[in-house]
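I opened my notebook to look into salt bridges, helices, a sheet and some backbone angles. Here is what I looked up, entry by entry.

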Amino acid sequence: MGRADVAATWHESALPTELSSFVDGEFTPTDPAARTFDVDDPATGVVVARFAETPAETVGAAVESAHRAFLSWRALDPAERGRRLSAVAAGLRRDADLLARLETIDCGKPLSQARADIAGSARYFEYYAGLADKLQGETIPQPAGTFAYTLSEPYGVIAHITPWNAPLTQLTRGVAPSLAAGNAVVVKPSELTPLTTLFAARLMVQAGLPAGLCNVVLGAGDPTGEHLIGNELVRHITFTGSVATGRKVGTVAAQRIVGVNLEPGGKSPTIVCADADLEAAARAGALAVVRNSGQSCFATTRLIVDRRVRERFVDLLAQRMAGLSLGHGLDEPDVGPLISERQFERVMSFVDSGRTSGAQVVTGGERAEVDGGHFVTHTLLAGVRNDMPVAREEIFGPVQSVLEFDDLDEAVAIANDTEYGLSAGVFTRDVATAHSVAARLEAGQIQINRYVGAGVEIPFGGYKNSGLGREKGVDAMQHYTQVKSVIVDLA
């Protein structure tokens, strides 16, 4: 991968090198005195773009612009809203190759994973375009002479604060249903990965959405995110990120009495029974460190394995992980870099804590010198106990842990002994065991004999500290609307 590939991608994107917020269909003028941020390629450390922090007054202007767009958008025939959202999906598919390369340069993931993310992003718009004219109320039986019914109505302006590990899919996952329901949005992407968010916002205008319907502001959570979620015209907040920041966002939502969706992370367990297809379970365990280099809240990073098959399973998993390649995402490796040097140091500190706590490093656990980027060799830890930091805290890196159990009651207890509850899995050939365990696991999504991302149609969200609300599926539309009841005296 040469720098010419990066330069060509940037030129093709027609994005300015000096980026700024996107409001009312245009990039805003930048204040020379504003704080600036570098956007680097995490595989090389080379700066590919810079942006100026959005000042408070521009954040306010972005929200006001979105509110004006909302007033006209909600009045539009729902079927027409659906047609325009379908046009956005078509635009995402048309520019899929360019968007995938931008995503890879921005957050480091292998190009094949970025392509899958762009296809998923288009699918969000296709799916919710089809639901735009299907927001139906219901009639409620009443005494004679009275008629009652409900309406599902949009909130208005919704703030979306999105993370760096999957910038475009995280944006489209929340923005598509918000727009389908008749809302407008203002997005604040992570300061580490603003590129595809800005490109997509411009694409939406080009596809026929009203200017101002999707505005983008840039900067860190403090102060840009705080200015956004504190604005009185913002009537709902959606946040994906850390538990600590999620609590702050939730506090603001509670103080302002506005709706909120939170997805603050996970430490997802998978129980591997003695009768399981161990090859399939090992593939799932390896995929957890391949997808986004393990930088995924959904990843299953606690493999709780029946002691009788533990040795065989660790061997299979080690074989799968040891053969994985690392490199720049544009070169199509199995595993890309971590997002930043800070994240690299965090991951390595967890690996070191695993060693000192008594876990066995079966493979990996070192810095990988690849193009000078932020690379960690994919790491397998065996002999992990559930009281170790590597088992309790979200590492967000290519680190897999194997724990052991003697009976299913113990396995379920270990799986549920966590502050998180985003996702969980079980591998077994016994159908009754599979459903029994699924019913006992405390998580918002359970996978049986597989552990890969589910489709756009499947609701997704967490129990416990993994969040509030649901994204994806029809459930998302319910979270981005409010119910109005109408009661009529027919007499």
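**Entry 1: a network of charges.** I began with a network of salt bridges that links Glu12, Asp97, Arg101, Arg115 and Glu332. I noted the cut-off: a salt bridge is a side-chain nitrogen of Lys or Arg within 4 Å of a carboxyl oxygen of Asp or Glu. The model is predicted, so local features need pLDDT of at least 70 and side-chain atom pairs count only at pLDDT 80 or more, while totals for chains, interfaces and linings use all residues. Residues are numbered from 1 along each chain as its sequence is written, and side-chain values use heavy atoms, with hydrogens and water left out.

**Entry 2: the other pairs.** How many salt bridges does a search of the whole structure find? I found 28. Side chains of opposite charge can pair when their charged atoms come close.

I then checked exposure. Buried means under 20% relative accessible area, exposed over 50%, and partly exposed in between (1.4 Å probe, protein chains only).

- Aspartate 306 and arginine 308 form a salt bridge at 2.8 Å, N to O. Aspartate 306 is buried at 4% relative accessibility, whereas arginine 308 is exposed at 68%.
- Lysine 134 and aspartate 133 form another, with their closest N and O atoms 2.8 Å apart. Lysine 134 is partly exposed at 46%, and aspartate 133 is partly exposed at 42%.
- Glutamate 341 meets arginine 367 in a salt bridge at 2.6 Å, N to O. Glutamate 341 is in helix α12 (residues 341–357) and arginine 367 is in the loop between β15 (360–363) and β16 (379–382), so this pair ties together parts 26 residues apart in sequence.

For these names I needed a rule: helices (H or I, at least four residues) and strands (E, at least two) are DSSP runs, numbered from the N terminus.

**Entry 3: helix α4.** I looked up α4, residues 96–107. From first C-alpha to last, its twelve residues reach 16 Å, close to the 16 Å expected at 1.5 Å a residue. The expected span is 1.5 Å times one less than the number of residues. Buried or exposed? Ten of the twelve residues in α4 are buried, among them Leu98, Arg101 and Cys107. Just after α4, glycine 108 has a positive phi of about 95°.

Next I checked its neighbour. The axes of α4 and helix α5 (residues 111–131) come within 8 Å and cross at roughly 125°. Axes are lines fitted to C-alpha atoms, for helices over the stretch in contact, and angles run from 0 to 180 degrees between N-to-C directions. The two helices, α4 and α5, are therefore oblique to each other. Oblique covers what is left after under 35 degrees (roughly parallel), over 145 (roughly antiparallel) and 65 to 115 (roughly perpendicular).

**Entry 4: a sheet.** I found an open sheet of three strands in the order β6-β7-β20, with antiparallel pairing. Its edge strands, β6 (139–140) and β20 (481–489), each pair on one side only. Two strands pair if DSSP finds at least two bridges between them. Two bridges join β6 to β7 (residues 146–154). Threonine 139 has tyrosine 149 in β7 as its bridge partner.

**Entry 5: backbone angles.** Most residues other than glycine have a negative phi, and most peptide bonds are trans. I noted these cases.

- Glutamate 332 has a positive phi near 60°.
- Isoleucine 257 has a positive phi near 55°. Isoleucine 257 is exposed at 70%.
- The peptide bond from aspartate 222 to proline 223 is cis, with omega near 15°. Proline 223 is in helix α8 (residues 221–229).
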